[in-house]
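Subject: Handing over a structure, with notes

Dear colleague,

I am passing a structure on to you and would be glad if you could look through it alongside the notes below. Please open it first, and then read on.

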Amino acid sequence: MPLNDFFGPTGRELRFSDKLLEINWILVGLITAICCIGFAMLYSVAQGNLDPWAGRQMVRFGIGMAILFVVALVDIRTWISLAYPAYGATLLLLVGVEVMGRVGKGAERWIDIGPLQLQPSELMKIALILALSRYLHGLHLEDVSKPLRLIPALLLILVPAGLVLLQPNLGTATILIVGGCGLLFLSGLSWKIIVPVIALGVAAVPVGWNFLHDYQQERVRTFLDPDRDPLGAGYNILQSKIALGSGGIAGKGYLQGTQSRLNFLPEKQTDFIFTVLGEEFGLLGVLVLMGLYLAVLVQGVLIALDTRSHFGRLVAMGVCLNFLLYILINTSMSMGLIPVVGIPLPLVSYGGTALITVLFGFGLLLCVQIHRGVDIPRSAANAW
Amino acid sequence: MMDGRDSVRHRAFTRRTLLLSGGVLGVYSILAGRMFQLQVLQQDQFTMLAEDNRVNVQLIAPPRGRVYDRFGVELANTSQNYRVLIVPEQTQNAEATLRQLAQLIPLGEARIARVLRDVKHNKPFKPVLVTEGLDWNDFSKVNINAPDLAGIEPDVGELRSYPFGPWLSHVLGYVAGPTEDDIDDDPELLSLPGFRIGRSGVERAADVELRGKPGAAQVEVNAYGRVIRELARREGEPGQDVVMTLDMEVQKLTEERLRGQSGSAIVMDVDKGEVIAIVSAPGFDPNPFTTTVTPEMWRQLNEDPLKPLLNKAITGMYPPGSTFKPVVALAALESGAMNPTNRVTCTGSVALGNHVFHCWKKGGHGSMDMHSAIKNSCDCYFYECARRTGIDAIEEMAKRFGLGQVYGLEIPGEKAGLVPGQAWKERTRKEKWTTGETYNVGIGQGALLLTPLQLCVMCARLANGGKSITPHVIKTFNDKARDLPPVTNLNLKPEHIAIVHDGMDAVVNEGGTAARSRIDIEGFEMAGKSGTAQIRKITDELRGKPFDQIPWEFRDHALFIAFAPVAKPRYAISIVIEHGGGGSKVAAPIAKDVMTLTLQRDPTAKRAFVPTLRTAGGSTAAS
């Protein structure tokens, strides 16, 4: 098989101009389109004002895009060598929030660095992908399922997930665990391990219940029966369903959502922005957004399949998995399919760190595509 | 290059990736299906939940802001208003229900007819106000019998009341139900039963601030529209509290001193333009206006010759008479037409062509310089002074002092008055200005018309050395100071101002026209200028008759402006008594009393009141 054709340009070092030509503008266009939907919705929830959300989000988008291009143009071998140090530093920051983090919304999630507010848990989503991909890059297929090889990978996932769960931030912990396990699965983890673990997990649900915080338990209970406390814990779900449902096929029209305009929707600029979209643009608007998301994911999977290095493939899929989990968790929460967890709708919800880390992730994805023909020896995983 | 083990790993990865993608597509279709279920299959149900009868959004009327004087005396507040509503769709026969109700509480035929008309015009689920302002006794009767009265809802609303009634009628104004035109502004809020908006005065000018923002409650209702339970409540914002610049003690004294007269008085701080008291007499009790004014009451108020419904302090326009002379004097000095030592001999009259202009003093004042002319209010001096200065310079100076304009006082209805000039004459009468008219304007007569508020602003700007302060009655909204136009300098020479100050000082303190109204307290000395404005209608037959033989409506207006203390002016006052006679005799003594109290209290030197902010709350009213 003519490997060179299959893997794209190889055989010589990429020049800067080569890299620029290799940037996937379709992906960049899709991302920008989704962000524009976000600006429009933030403009709407502020009752037709750029202030306080849409304007600031645009600025952050600009910063995020700059970061995206820088990340994309960095050599992929630099990223593999940075993977472990970055993971270590982020882990330290995560421990730091436990110590000096400040309380916001009942969860200690932020760290103040001068004027910047940083959510180490968001950074960890990227750091974990890099570190885990590097670790798995160094393993043969048959090694992945060997316990001694598997345990370090699990530790890479579970240590930060545990710290995030302590904050407590169930949503991010879920993304870390599911995203990490997804990478193990893609690396060819044996079904002999996967099946029993899933069975065990299902059996452990009643035990895990007791480890949930009161408010988390309450969320699950009200999820199962939102009508039992429509003013209290069931409020969000009920209001979100009312808003989405009343949107119908074509929606109530831009800036016309009564549920959000009368402030019956909570957190409408962050976690429940999908609901505003559904109310104002109806099923059609929802399908357009979901379609754009799907197109981004398809691009990501195609990039992963078309990449030579195992590290690159895993990073690409890791980014896609994270993005997918954001979408699934947020939309199914808004639709009342799962309990309320604080996960934003990626690229649309208001919020700086989340937007910038998602764009950082897409930068990595572009980077993988640009360097898809670059061969990285397995030993690179172990070189310090 | 790829070795064999690597390609095995690659194939496994590809397999797993495709497997995962398939799974994701499955989950994705579940989500799409769910959206289809919510937005298409269950759309009707949720649309109904959102908008229809099952879930109603009811607005919660925000409590109206309170109004305080500068020291926190409550001037307008809200009390509970026991009222009865009828929800048309809950009764088979609204008229029968109302007749049943009429047996319990007083309910006139006219009222029943009006309610039935409202019922017909409104949507069937909208409550209509039947009656309000009930006492506890009647309200209890309705409550006890409510189960038998289909569609009748006893309810507690808000009633605006003005504890100081007539003392502040023209300042505060009153609230009343909105008209149909008003309702278009904010249909949801304004069509709440019993909701009231500011109709006049500060209530109207600051209506938007006082109104607040409505809250909303989402309630589940049954098929008949009865509320079953509240699903959600979002608190509104109570109206902002208004702190006025008034000092109620000064306001009270001013109103009392004007009682029985038709006239106005304004006291103002000369540095910032804060109005300490503003009264138009006679006043009226605004309290009945918030509910119902009986036709009898309305007729009486309208037919009263003293015109209690007019706010004369800002809408009354009068020839300023001699109170205008300080402006003429300054125009002469600033334009260089006169210097203070120039003398004019007054013989009691001046001839111009075949017309004779009289001085108020028969036989004349003799030789006058500027100081003695202001002190004695010599007309002949000011005829000459005006002639030399010319109408253009006088008009320009009058405008610098804020005459002929409105200030945007937070009491609606200000009149601009009239400062005549060549352009004005040309425009309105298509004629050339004549020197005779300059003579008339020189003594504050002719076409010149000023409001009492303008007189006070003129006096204040004179007192503060020529700074363009803007009069205002609102000090703060909640704890935020009101925005004011910047104070600019009128660019008057201090030595010129000093000459006018000295003249006005002499009017009161050196045996001038208002010597009897001198304030005898050290440091409180007042400088002033009296004025007596002739009524245009005066006939030769009435001229020279004793005062009490002239019919009231033909008597002269009495005017007085003053500031104090002379050495360091802090407050200015203007008084106009319609048909009161001589300004020094009638108006000056009132100024003396009010100014003395103002100086004793010195309100602007003390800390002003800051209201405590209210959180939301308020009465629910079904929409």
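This is a predicted model: local features need pLDDT of at least 70, side-chain atom pairs count only at pLDDT 80 or more; totals for chains, interfaces and linings use all residues.

Chain A has 384 residues, of which 49% count as buried, and its secondary structure consists of 15 helices and three strands. Chain B has 623 residues, with 47% of them buried, and it contains 22 helices and 21 strands. As for how the chains fold back on themselves, among the contacts in chain B between residues at least 6 apart in sequence, 75% join residues at least 24 apart, while in chain A residues 24 or more positions apart account for 71% of the contacts with a separation of 6 or more.

The largest nonpolar core holds 121 residues, and the members that touch the most others are B:Ile266, B:Cys459, B:Ala562 and B:Ile573. Helix H20 of chain B, which spans residues 452-463, supplies the largest share of this core, with nine residues. Both domain 1 (56-244) and domain 2 (248-605) of chain B contribute residues to this core, so it lies between them. Another core, of 110 residues, lies apart from it, and A:Ile31, A:Leu176, A:Ile327 and A:Ile343 are among its residues.

To return to one of the residues named above, B:Ile573 touches B:Ala265, B:Ile266, B:Val267, B:Cys456, B:Ile561, B:Ala562, B:Ala591, B:Val594 and B:Met595, when residues up to four places away in sequence are left out of the count.

The next feature is a sheet in chain B. Five strands form this open sheet in the order E12-E11-E21-E20-E19, and their pairing is antiparallel. Strand E12 (275-281) and strand E19 (527-533) of chain B stand at the edges with a single partner strand each, so one side of each has no neighbour in the sheet. On average, and with direction ignored, neighbouring strands of this sheet are turned by 5° against each other.

A hairpin of six residues joins E20(B) to E21(B).

Is E21(B) enclosed by the rest of the structure or left open? Seven of its seven residues are buried, so E21(B) is largely enclosed by the rest of the structure. B:Tyr571, B:Ile573, B:Ile575 and B:Ile577 point one way from the strand, whereas B:Ala572, B:Ser574 and B:Val576 point the other way, and all are buried.

Helix H3 (residues 94-102) and helix H4 (residues 109-121) of chain B pack at an angle of about 150°, with their axes 11 Å apart, and their crossing is right-handed. B:Ala94, B:Glu95, B:Leu98 and B:Ala102 in H3(B) meet B:Ile112, B:Val115, B:Leu116 and B:Val119 in H4(B).

Finally, some points of the backbone are worth checking by eye. A cis peptide bond, with omega about 0°, joins A:Asp51 and A:Pro52, and A:Pro52 lies in the loop between helix H3 (25-45) and helix H4 (54-73) of chain A. The peptide bond from B:Ala564 to B:Pro565 is also cis, with omega near -15°, and B:Pro565 is found in the loop between E20 and E21 of chain B.

A:Leu347 is not a glycine and yet has a positive phi of about 70°; this residue lies in the loop between helix H14 (310-334) and helix H15 (352-370) of chain A. With 29 other C-beta atoms within 10 Å, A:Leu347 is buried. B:Asn478, likewise not a glycine, has a positive phi of about 50° and sits in the loop between strand E17 (474-477) and strand E18 (480-481) of chain B. B:Asn478 counts as partly exposed, with 17 C-beta neighbours inside 10 Å.

With best wishes

Notes
Residues are numbered from 1 along each chain as its sequence is written. Chains are lettered from A and ligands numbered from 1 in the order in which they are written. Helices (H or I, at least four residues) and strands (E, at least two) are DSSP runs, numbered from the N terminus. A residue is buried if 20 or more other C-beta atoms lie within 10 Å of its own, exposed if 12 or fewer, and partly exposed in between; C-beta atoms are placed from the backbone. Two residues are in contact if their C-beta atoms, placed from the backbone, lie within 7 Å. A nonpolar core is a set of buried Ala, Val, Leu, Ile, Met, Phe, Trp, Tyr and Cys residues joined through C-beta atoms within 7 Å. Domain bounds come from an automatic or database domain assignment. Two strands pair if DSSP finds at least two bridges between them. Axes are lines fitted to C-alpha atoms, for helices over the stretch in contact, and angles run from 0 to 180 degrees between N-to-C directions. A crossing is left-handed if the near helix is turned anticlockwise from the far one by less than a right angle, and right-handed if clockwise.
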